[in-house]
Amino acid sequence: MANITFLSPSLRDKVVLNVAPEEGRTLLSVMSEHHLREACCGKAQCGSCAVKIVPQRSDAASRPVVLSAKEKHALLKSRKLSWPEFDAKSLNDAPALWRLACQYVIRDEPILVAF
Ligand code: FES
């Protein structure tokens, strides 16, 4: 189970969900299912689903994250990614990294999602 904690000024309190990581299940699908954020394009085009992901594992050494070209372009367009980050082949997930919820596939690990 993936333990996902959602924090947002739009929420009265944090929302904690335990989600079964299914093949290709995205964070946006979970957020839509629980009315935390409505799906927009779902194709890494609009950038409106950008969220900050904070890994919650105790062994949270930063690890390389490879973003797709589409995700990089959408995050750059919405000013969530800098040019040096855009040019990098991979990024570290610590400190928290902006990601597109429609492209983030749920894994069996705890994360904090800020939006
Ligand atoms: S929903 Fe449009 S970029 Fe994710």
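How many helices and how many strands are there in the protein chain? In this predicted model, colouring by secondary structure brings out three helices and seven strands. Traced from the N terminus, the elements follow the order β-β-α-β-β-α-α-β-β-β. The radius of gyration is 13 Å, close to the 13 Å given by the globule rule for 115 residues, so the chain is as compact as a globular protein of that length.

Next, display the C-alpha atoms alone. Along the principal axes, these atoms fill a box of roughly 35 × 35 × 30 Å. With contacts shown, residues 24 or more positions apart account for 67% of those with a separation of 6 or more.

The chain exposes about 6700 Å², of which carbon and sulfur atoms supply 52%. Selecting the charged side chains shows 16 positive and 12 negative charges, whose mean positions are 7 Å apart.

Now hide the surface and move to the interior. Of the 115 residues, 40% count as buried. The largest nonpolar core has 32 residues; select Ile4, Phe6, Leu27, Met31, Val51, Leu100 and Val113, which touch the most other members. Two or more core residues come from each of strand 1 (2-7), strand 2 (15-19), helix 1 (27-33), strand 3 (50-55), helix 2 (69-77), strand 6 (97-100) and strand 7 (111-114). Helix 1 gives the largest share, four residues.

Finally, centre the view on Val113. Apart from neighbours within four places in sequence, Val113 is in contact with Ile4, Thr5, Phe6, Leu7, Leu27, Val51, Lys52 and Ile53.

Notes: Residues are numbered from 1 along each chain as its sequence is written. This is a predicted model: local features need pLDDT of at least 70, side-chain atom pairs count only at pLDDT 80 or more; totals for chains, interfaces and linings use all residues. Side-chain values use heavy atoms; hydrogens and water are left out. The radius of gyration is taken over C-alpha atoms; the globule rule is 2.2 Å times the number of residues to the power 0.38. Buried means under 20% relative accessible area, exposed over 50%, partly exposed in between (1.4 Å probe, protein chains only). Contact means heavy atoms within 4.5 Å. Accessible areas come from the Shrake-Rupley method with a 1.4 Å probe; for residues, only the protein chains shown count as cover. Lys and Arg count as positive and Asp and Glu as negative; His and the chain ends are not counted. The place of a charge is taken as NZ of Lys, CZ of Arg, CG of Asp or CD of Glu. A nonpolar core is a set of buried Ala, Val, Leu, Ile, Met, Phe, Trp, Tyr and Cys residues joined through side-chain atoms within 4.5 Å.
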